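Welcome! Take a moment to look at the sequence and the 3D picture below, and keep both at hand while you read.

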Amino acid sequence: MSSHHNRPVRKIRRTPAVTLSAVACALLLSCAWRPVFAANAEIVMLLGKGERRAEPTTAPWQPASVNQKLNEGEFVRTLSDSQMAIVMPDRTQIRLNQNTQLQVKAIPEASSLSQSLLQMSFGRAWSQARPQTTVASGGTTDARRQRVVIQTPTATLGIRGTDWEVEVGPDGKTQLVVLSGVVEMSNAMGSVDVGRGEAAVAEAGKAPVKLVLVNPQDRVQWVSSWRPQPRRWSGADAQRLGAPVAKIESGDYSGAAAQLRPLASQDAAAAVLLADLLLYQGEAASARAVLAAHAKDGTGDSRAVVLLAHAMARDNQLAQGQALLATALTRSPGNVDLLVAQGDLAILDGDDQRARAAYSQVIAAQPANPDAWYGIGLIESERENVKAARAALGQAQQLQPGSSKVAAELAATETFAGNLAAGRQMLQEVMAREPDNYQALTALGLNKLKSGQPAQALEDFLKAGSIEPHYSRAWLYSGITFYQLDERERAVQAFRKASELDEHDPMPYLYGSVVEGDALEYGAAIVSAQQAQQRMPFLKSLNQAANNQKGSANLGSALANFGMEEWAGYYATQSYSPYWGGSHLFLADRYTGKFNKNSELMSGYLTEPTVFGASNRNSSLVASPGNYGKVDVLLDRTDWNQAAAIGTINGLRVEPVPLAYFLSADLATADARNDDSTARGRNFTLGLGMKPQYDIGLFGFVTNTRLDAQLRT
């Protein structure tokens, strides 16, 4: 018998055991289904009267309505005191002011790289284009590609930008204002490139020339969701001013304004009604001038003070509006209208404490005030305090059963909480009676986004943005949608716009940091994380930010990826929230002690049990359904011949309740090349997580490990 067989044999066997451990999430294997818009433009908003007709131009005009589709060659026009919003299949948003005519000459498919061609005969229009990003042959974005072309009697506008306004006079004179991006304005005489904050004009027989404008944003103040509310502002004077009130309610704004102008200098109620119309028409400066004499720096008519404060806020003078209300409240500390306005402006300023105090004071004086209950509900909804939001918004709904804004926010609350079916049903009811409600459209888009329908969600966000371009929530979630549709450039643009509209909100920067981290742009990710960190005192909620088992949405991730562990820990500590899984899961990777690590892991899984279903390839930014898989194979030949295969599958379902799963199988074998030592091992891991309701999290994590080895010594 050889000496080889005389060596003592040491046998090692581990019997199956149950252990808690963290595992890496799987890479995305499944391909996302990305439907496109239908090849029709759609009317998404109509105020007053609008008409449409097909070619030829001798065809009769027919009444237009919301949700109508427009085919190639069709004309639309708005009449006096009317506005219309249209969304094109290539994501171009168009808003027509009164007395405007437009022809849709060419409509490309949403996925096509061809141009949208529009012809504007007269009137005034605002537009915003967010087509799919085109890439040149060198792999860079083709910034000069004109995806939208607008023809007027005196110019052709080649759109390479994002946000612009054009006005065509009766003589064909065309004036262009560009708010962002670049537009080429040309005719037979010449051309000019008009950039951000610039303007140009084209006349018959003359080359286009640039103009200098002060405050170009003032040109598009008419593009908003502001609606005249004559009953609200007239109050006890509604009967006395019955004639102009009736004209406003019938849509005859010009006739009402003609009756109100002679009265406005002496009659505060008439001045408020007139200013309300002027704000709708985008003439904020004129509205403020009408109101100033009656507001008297906060010491005059309370209705004039409230409306003037709102006008200042819409004119980017929020601090002045708040100061005006503060002065008025020193003279009338219990005035309900002033307190509600103070709460409204405080919400715009991100000051939830001041807003809550103002609304609470109103409720103490008038328990049946629906505006105050809605304000409290909005604060709680944005912070995802679901129980409190349901109670406050439910009270507002009882006091004002027909309020679409209350129903839309309540549906948004249910969507935030993961009750997608209930939220969807509520939103469908709102949309049935008010199809151009931008808050409901945004909530519906979020509902679809969380249901795994990003392309359909984007349609809703684009519609909402056409109706109210200054609604930051729509911009924020449209950025997430663009990212899920693999359009990173559009996502970054949307996050940038959301941060401009709500300068205190850290979430656009947090999402931007995650996007940049996914692209391995760690320097930019750190800058975004710094911006988010500065705004964390204004944070509303982190609950919608999707995580994986490493807490990748944490602000410290950008610094950790860059190797700056101490700074990463500092950022994670400064932004720590005991109710957010991203805080616990990120810190668990930083701790060395098993007790602290496992404590944080346990807390993370309890607060966010659906992290089992996340992908580690690219973040979805918000939790969305999906199934993922990964197979790793290792072969190594040194003193040992080693082989290992690791397969993982995981995923997330969101209905009827969020449910995540994770399954991993690890098989390994090793044989010594110099003797007959061997090792065989296997490890199976199963993780399940579920949130049966917003405040309950359940998870289970089981590992079954077996190792058999024979080692010769």
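What follows is a short tour of rings, charges, strands and helices in this model.

This is a predicted model, in which local features need pLDDT of at least 70 and side-chain atom pairs count only at pLDDT 80 or more, while totals for chains, interfaces and linings use all residues. Residues are numbered from 1 along each chain as its sequence is written, and side-chain values use heavy atoms, with hydrogens and water left out.

**Aromatic rings**

Let us start with the rings. The structure holds 9 aromatic pairs. Rings of Phe, Tyr and Trp (its six-membered ring) pair if their centres lie within 6.5 Å; planes under 30 degrees apart count as stacked, over 60 as edge-to-face and the rest as tilted. Here are two of these pairs:

| Pair | Centre to centre | Angle between planes | Type |
|---|---|---|---|
| Trp-567 and Tyr-570 | 5.8 Å | 85° | edge-to-face |
| Tyr-605 and Phe-701 | 6.0 Å | 45° | tilted |

Where do Trp-567 and Tyr-570 sit in helix α22? They are 3 residues apart in this helix (residues 565-574), so about one helical turn separates them. Helices (H or I, at least four residues) and strands (E, at least two) are DSSP runs, numbered from the N terminus. Trp-567 has a relative accessible area of 47% and is partly exposed; Tyr-570, at 42%, is partly exposed as well. For these words, buried means under 20% relative accessible area, exposed over 50%, and partly exposed in between (1.4 Å probe, protein chains only).

Together with Phe-612 and Phe-699, they form one aromatic cluster.

**Charges over rings**

A charge sits over a ring if NZ of Lys or CZ of Arg is within 6 Å of the ring centre and within 35 degrees of the ring normal. Arg-590 places its charged end over the ring of Phe-586, 4.3 Å from the centre. Arg-53 lies over the face of Phe-75, with 5.2 Å to the ring centre.

**A pair of strands**

Next, find strands β15 (residues 183-187) and β16 (residues 190-194), which run antiparallel and are joined by 5 bridges. Two strands pair if DSSP finds at least two bridges between them. A hairpin of 2 residues connects β15 to β16, and Val-183 stands opposite Val-194 in β16.

**One side of a helix**

Helix α20 (residues 522-534) has 13 residues, which should span 18 Å at 1.5 Å a residue; its end C-alpha atoms are 18 Å apart, in agreement. The expected span is 1.5 Å times one less than the number of residues. Which residues of α20 are buried? They are Ala-525, Ile-526, Ser-528, Ala-529, Ala-532 and Gln-533. These residues cover an arc of only 165° around the axis, so they are on the same side of α20. The arc is that of the directions from the helix axis to the C-beta atoms. Their cover includes α19 (507-518), α21 (557-561) and α22.

Arg-303 is in helix α7 (residues 302-314) and counts as buried at 17% relative accessibility. Contact means heavy atoms within 4.5 Å. Beyond its neighbours within four places in sequence, Arg-303 has contacts including Trp-233, Asp-237 and Val-272.

Thr-154 lies in the loop between β11 (148-151) and β12 (156-159) and, at 10% relative accessibility, is buried. Not counting residues up to four places away in sequence, Thr-154 touches several residues, among them Gly-172, Asn-187 and Ala-204.
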